[in-house]
Amino acid sequence: MMYMVGDMNEIMLYSENRLSELGNFITPSTAVKDKDWYLETKGSDTTKWWFEDGEMFATRVIYNIEFQTVSGELYVRFDYNKLFGDFIGRANEGYGIIITDRQNRPVLTEHVGQMDDDQLQSLSRKGTSKASIGGESYLVVNKDIPQTDWILHYLVPDNQYKTGIGNILSATGIIVLICMVFLSIIIFLFSETLLKGIEKLNTKMKMVENGDLTVVVSTNSKDEIGQLTDQFGSMLKQINQLISEVYQTKITQKSAELKALQAQINPHFLYNSLSLINSKALRIDAQEISDVVNHLSSFYRTTLNKGKQIISIQDEWTNVQAYIHIQLAMHNTRFEVEFDADDKVFQFEMIHLILQPIVENAIMHGIDLKREGRGKLILRASLNGEDIVFAVEDNGVGMEPYIIERILEHESTGYGMKNVQDRIQLLFGSEYGIIIHSQPGIGTSVIVRIPQYRHIREEES
C-alpha cells in the first residue's frame with residue numbers, strides 16, 4: 001500500500017493481542033495506550049483523522065469478526081505536503097484557506113494571518129459567515145470535506161467580493177439600459193402594426209355591444225389580428241342567422257302550443273266518458289265493470305301526468321297497479337299478483353312510465369306464454385342504501401341470454417326495454433338502470449335501480 005499510495009509515509013497495526021513487535025508493521029498496542037488518539041479510536045467505529053506536532057495521520061479500529069472483539073488499531077501516517085499540495089501556495093493573493101477538525105483545531109492554514117483560539121472557535125461549520133483576522137474582515141464559505149472530520153473554510157476579503165459585486169451591478173445596469181432601448185423600439189413597431197388592427201376591431205365590437213348587429217367586419221390582413229377580425233365577422237353572421245332561426249322557432253312553438261291546448265280536449269273527453277260509463281255501471285249494479293273503468297281512468301290520468309316527465313313514486317305505483325288490475329280483468333284473473341312496497345320509497349320521485357313497460361313485458365312475453373301451472377307476478381319496491389330498487393318478477397317462460405342482451409342494447413319490437421334504460425341513464429347516469437336475470441322455463445326478474453331523487457317542481461299557476 002505504501003508503494004502504491006505515495007502520500008503514505010507509515011503504516012502500523014497496534015495489536016491488542018501481541019506482547020512483542022512483528023516485523024515493521026505490527027507492534028503491541030501498549031506502546032500507544034496513553035495517546036489521546038488511541039483512546040478515542042478504540043471507542044469509535046469510524047476513521048479518525050489527526051494533526052499533531054506537524055504529523056498528519058488517520059486511525060481506525062480493527063475487529064476480530066469471528067469473536068466480535070477488537071484486534072487492534074490501524075495507524076496510517078501521511079505526507080502532509082503531498083496531501084495538501086493542491087492547497088499550499090495555490091490561494092490567490094488576499095484569499096485564505098483554513099482546514100479545521102470538528103474541534104475547530106487547525107489542520108491547514110494558507111495565506112491567513114495568525115489566528116487565536118477564540119477566532120478559530122468562531123468559525124462556522126457550514127454555510128457562509130463573517131470573520132475578522134489580523135484586523136481584516138473576511139467573508140467565509142464553509143464546507144464539509146467528505147469522508148473526514150474536517151471542514152474547509154475559504155476566506156474572501158470584504159474589499160474583493162464587494163468590488164466584484166460593484167462590477168456585476170455596473171454591467172447589469174448597462175445590460176438593462178440596452179434592453180430598455182431595444183424594448184422601446186419593439187413597442188413602437190408593435191403599436192404601429194398590431195395595435196391599430198386591435199383598435200379597429202375594438203371599435204366594431206363596441207358597435208355590436210351597443211346593439212348594431214348590421215356592422216360589416218372584415219379585413220385583408222393575414223396576421224393573427226386579421227384572423228381574429230375575420231373570425232369575429234363570421235361569428236356575427238352566425239349570430240344574425242341564429243336570431244332569425246330563433247324568431248322563426250318562437251312562431252312555430254306558439255303554433256305548437258295552440259295545437260297542444262286543443263289536444264287537451266281529448267283526455268278530458270276520455271275522462272268524462274269513463275265517468276259516465278262508471279255511473280251507468282253502478283246504476284245497474286255492474287261492480288266489475290265499474291272497477292275496470294275506475295282502473296282505466298286512474299291509469300290514463302297518471303300516464304298522461306299533464307305532459308311532465310317526473311312523477312312521484314306513489315303515483316307511478318298507483319299507475320302500474322291500475323294497469324295490472326286491467327290486465328287481470330282482461331285475463332279473467334288467470335294469474336296471481338303480489339305487491340310489496342316499503343312506504344319510505346313513496347317520499348321520492350322518479351321518471352314517468354318506467355314500471356308499466358316492464359310489467360307489460362312480464363305478462364305478454366312471460367306469463368301469457370306459460371303452458372303449465374298458474375302464472376304469478378310480483379312487484380316490489382324497497383330502499384337499498386342511497387338507492388331505490390324496484391323488482392318485477394314472473395314465473396313465465398323466461399329468456400335466453402342473447403335475448404336479454406338484444407332487448408337492452410337494441411330497440412326490440414314489443415319490449416321497449418332499451419327506451420326505459422336510456423331514459424334512466426340519461427337523467428341519473430350510467431351506474432343506474434335495468435338488470436335482467438332470467439332462466440328459460442323458470443321465470444324472469446327485472447331489477448330497476450335509481451337514486452333517491454326529489455325533483456323541485458314549480459308551482460302551477
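Predicted model: local features only at pLDDT ≥ 70, side-chain atom pairs only at ≥ 80, totals over all residues.
Local features are reported where pLDDT is at least 70 and side-chain atom pairs count only at pLDDT 80 or more, whereas totals for chains, interfaces and linings use all residues. Residues are numbered from 1 along each chain as its sequence is written, and side-chain values use heavy atoms, with hydrogens and water left out.

An open sheet is formed by 5 strands in the order β12-β14-β15-β17-β16, with mixed pairing; strands are DSSP runs (E, at least two residues) and helices likewise (H or I, at least four), numbered from the N terminus, and two strands pair if DSSP finds at least two bridges between them. The edge strands, each pairing on one side only, are β12 (335-341) and β16 (433-439). Strand β16 runs antiparallel to β17 (residues 443-451), to which 7 bridges join it, and Ile435 has Ile447 in β17 as its bridge partner.

The structure holds 10 salt bridges, each defined as a side-chain nitrogen of Lys or Arg within 4 Å of a carboxyl oxygen of Asp or Glu. One of them joins Glu55 and Arg77, whose closest N and O atoms are 3.5 Å apart; because Glu55 lies in strand β4 (residues 55-64) and Arg77 in strand β5 (residues 69-78), the pair ties together parts 22 residues apart in sequence. Salt bridges with shared partners join Glu10, Glu55 and Arg77 into one network.

Another salt bridge is formed by the side chains of Lys48 and Glu40 (3.9 Å, N to O). Lys48 counts as buried at 14% relative accessibility, while Glu40 is partly exposed, with a relative accessible area of 38%; buried means under 20%, exposed over 50%, and partly exposed in between (1.4 Å probe, protein chains only).
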